[in-house]
Amino acid sequence: MLLIDKACKMLGVPSDMVLKQFGEYFFEFCKRSGYDHMLRTLGGNLYEFIENLDSLHSYLSLSYQEMNAPSFRVENNEDGSMHLHYYSDRRGLCHIVPGIIGAAALDFFNTEISMEIVNQTEEEERTGKKEHTVFLVTQKPVFSYNKRDKFSSLPQYHADSGRQSEKLLNKDLEKAVNKIRDRTSLVPVRPVKKSHWETIRGIVTLGKGKLLRGFDPVYPKTLWIDTKTFCNGLPFHIVFDKELRVKQAGVSIQKIVPGLQTMGIHLDHYFSIVHPEVTFTISSVQKFINSQFVFRTRREMMPESWKRRPMLELRGQMIWMESLQCMLYLCSPLLRTLHELEERQMHIADIAPHDVTRDLILLNQQRLAEMELSNQLERKKEELRILSKHLEEEKKKTEALLYAMLPKHVANQLKEGKRVEAGEFKECTILFSDVVTFTNICAQCEPIQIVLMLNSMYLRFDRLTTVHDVYKVETIGDAYMVVGGVPVPVSTHAERVANFSLGMIIAAKEVKNPVSGNPIQIRVGIHTGPVLAGVVGEKMPRYCLFGDTVNIASRMESHGVPSKIHLSTSAYRCLKDKNFEIMERGEIEVKGKGKMHTYYLIKNRTATENEILGRPIRDSDSGPESIPSFQESRTEVIENACQQAMQPNSGEDQPLAIAMKYVDGPTDVQGACKGRNQARIMDVTGKIYGSKSYRNLHGEQQSSDHPSLLNQERFKPAIEEPEIRNVRSNFCNVL
């Protein structure tokens, strides 16, 4: 009602107009919701339509248990008007009724109506209903069809239409009777006097059903059924007079309520009215005689064996017998399922064969069985959905673990059962690192302390791989191997690895030596050159790098200085013009390589420590060394799900990694392939490499079957090579 009041204030119209419009809209809404056919079949005229609205509400209440529908009662007047009684628990909504009834009359019966309130009281004529409104309904037909005669709209047409119909019926009846007489006059036999029923049957046959338009029932003089047959044939019926004294009852209802066998008892002592909610008097019953009545047995009047059962409910109609001044209640037990039948210790045989209650119980039982099956299917569907959700989560975890071990495109090919081809990358940058005096630390500590130390260090390094987008190849003991430009070729591979190495030196200071308690020291070596990359092994496949570049990078690490980043000549060439501060070390003797000119990477002149470590930038970081163009290179926060799942044992929270942005130019592979994802395939060597060959990448000596020896002529030492800035990819089969 608050909404109605607000609408009236905004529109400046009375509330009854708003409610009437709502009623018209509600009728159209019910039609669109699928009740159009049901509403059309309620009655052949407006009186029958309103009279059966309560029956429709009773049916709908079986599906909608909480529905509290209003009630309607209609009375015909001599002048053709009607009095519509409206009962509702909700006050103030009576003006919706003219909108609903008016829309139904115009749509279903082509009739315009006018409704005015003649009485409105708060008297509880129906128990439980708070408002009783009486409408005067007058009807006026609307002739809007083209097929109708143009004179049909005249007032005289309505007065003559009834007389014309009556004349046509009398004319048809007269013709039929004359035909019968003509046929009987031709037969030379003694005329036989026909009974009234035979005459009517012949007229209906000859007239081909036209008399149905003017149907007038004929009743026999006496009732051709004895009282015993009537009580057995209608096992659920009660006859009572104005004082509610029981005069007659069916056999089944006598069996259930033994007190009814004593004639003359009062019906309201054994039953209460559930619907409609009226007082149990003959006048109230006569007012609502067109409604469906539901009786319920009173528990206190039932036999001792019945008091622990659910009470029986009867549903039926009331028929007033004027000649006997008695009311006939034709009813059936209100039962929906076999379970309710068993609870009342009744049987199907107690219900008459002609009673549709039998079919209702059996059909409803079948419907309940189908609903239970549907519910089981829904439960199974929900279980499958939950299992599918859990399976998807486990699949994501498995994929995350697989992608942490292998490059994504390689892992996808392995999942699909495809053979992974090896690829030759003409230029990449490889980094090796190890812990200084790691052997001495292991000799003086418990194994678990070594594990915790390495785990704390490697988690920090792994986070840096996300910041600088480099690929972690392998960890063996304290050795950590990273490559830039593999498996995805990028032109900034050297800058990425250089910034990663600077971050390693800083991050290593946060890890404590379990022996001395001081920060650990690491050595870092970097080299740039060509490699061959592919998957080795089947049970534990690893994405490995092969070639002399791997060996030189390992030598840079082993010949390095603690807390220093050792660069080869080729790595220096890639970084010398990239805003890095580099110090020349000079010429040193490298085992297996002879003399090499090497360098030390000191720092990045344009990036702050927080940027290199992937931490949020503070205001204090914006100093003279910062360059605005480099600050713009910071990108959004990238969450590493795998690293969050592997928290360090010390309980330290891993901060979110802020990736540094690198501007990569086009490579030869990207230009030549024209957008293809993989390079061309070619066979480089027919030798089969085992997983043990990778262990030699970190050793000081090379065995005769090391793949780098097979490619010594193909891969020249990096110090003798001209500067290589492009990547050319070729593939061979590696088993």
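Modeller: One starts with the helices and strands, which are DSSP runs numbered from the N terminus. The model before us is predicted. Its protein chain has 24 helices and 22 strands. As a case, Ser-272 lies in strand β7, which covers residues 271-275.

Biologist: Is Ser-272 buried, partly exposed or exposed?

Modeller: Buried means under 20% relative accessible area, and exposed means over 50%. Ser-272 has a relative accessibility of 21%, so this residue counts as partly exposed. For the protein chain of 735 residues, 41% count as buried.

Biologist: Which residues does Ser-272 touch, apart from those up to four places away in sequence?

Modeller: A contact means heavy atoms within 4.5 Å. Ser-272 touches Phe-280, Val-294, Phe-295, Arg-296 and Arg-298. Distance in sequence and distance in space are separate matters: Ser-272 and Glu-313 are 41 residues apart in sequence, and their C-alpha atoms are 9.6 Å apart. In the protein chain, among contacts between residues at least 6 apart in sequence, 61% join residues at least 24 apart.

Biologist: Which residues are in contact with Met-457, leaving aside its neighbours within four places in sequence?

Modeller: Met-457 is in contact with Val-435, Val-511, Ile-520 and Ile-522.

Biologist: How does one describe the packing of two helices?

Modeller: Two packed helices are described by the angle between their axes and the distance between the axes. Helix α13 (residues 357-405) and helix α14 (residues 408-415) pack at about 120°, and their axes are 8 Å apart. That angle makes α13 oblique to α14. The crossing of α13 past α14 is right-handed. At this meeting, Glu-399, Leu-402 and Tyr-403 of α13 face Lys-408, Ala-411, Asn-412 and Lys-415 of α14 in contact.

Biologist: What does the UniProt record place at residues 363-401?

Modeller: The record, an unreviewed entry, places a "coiled-coil region" there. In the model, residues 363-401 are 100% helix and 0% strand, and the end C-alpha atoms are 56 Å apart.

Biologist: May we consider a second pair of helices?

Modeller: Helix α2 (residues 15-40) packs with helix α5 (residues 96-108) at an angle of about 45°, with 8 Å between the axes. The two helices α2 and α5 are therefore oblique to each other. α2 passes α5 in a right-handed crossing.

Biologist: Which features of the backbone deserve attention?

Modeller: One may look at the peptide bonds and at the phi angles. The bond joining His-275 and Pro-276 is cis, with omega about -5°, and Pro-276 is in the loop between β7 and α11. The peptide bond from Val-486 to Pro-487 is also cis, with omega near 0°. Pro-487 is in the loop between β13 and α17.

Biologist: And which phi angles might one examine?

Modeller: Asn-110, a residue other than glycine, has a positive phi near 55°. Asn-110 lies in the loop between α5 and β3 and is buried, because its relative accessible area is 12%. Asp-469 has a positive phi near 55° and is found in the loop between α16 and β12. Asp-469 counts as exposed, at 55% relative accessibility.

Methods:
Residues numbered from 1 in each chain as written. Predicted model: local features only at pLDDT ≥ 70, side-chain atom pairs only at ≥ 80, totals over all residues. Heavy atoms only, no water. Helix = DSSP H or I, 4+ residues; strand = E, 2+ residues; numbered from the N terminus. Buried < 20%, exposed > 50% of the residue type's maximum accessible area, 1.4 Å probe, protein only. UniProt positions renumbered as here; feature names shortened; annotations may be inferred. Axes fitted to C-alpha atoms, helices over the stretch in contact; angles between N-to-C directions. Parallel < 35°, antiparallel > 145°, perpendicular 65-115°, else oblique. Left-handed = near helix turned anticlockwise from the far one by under 90°.
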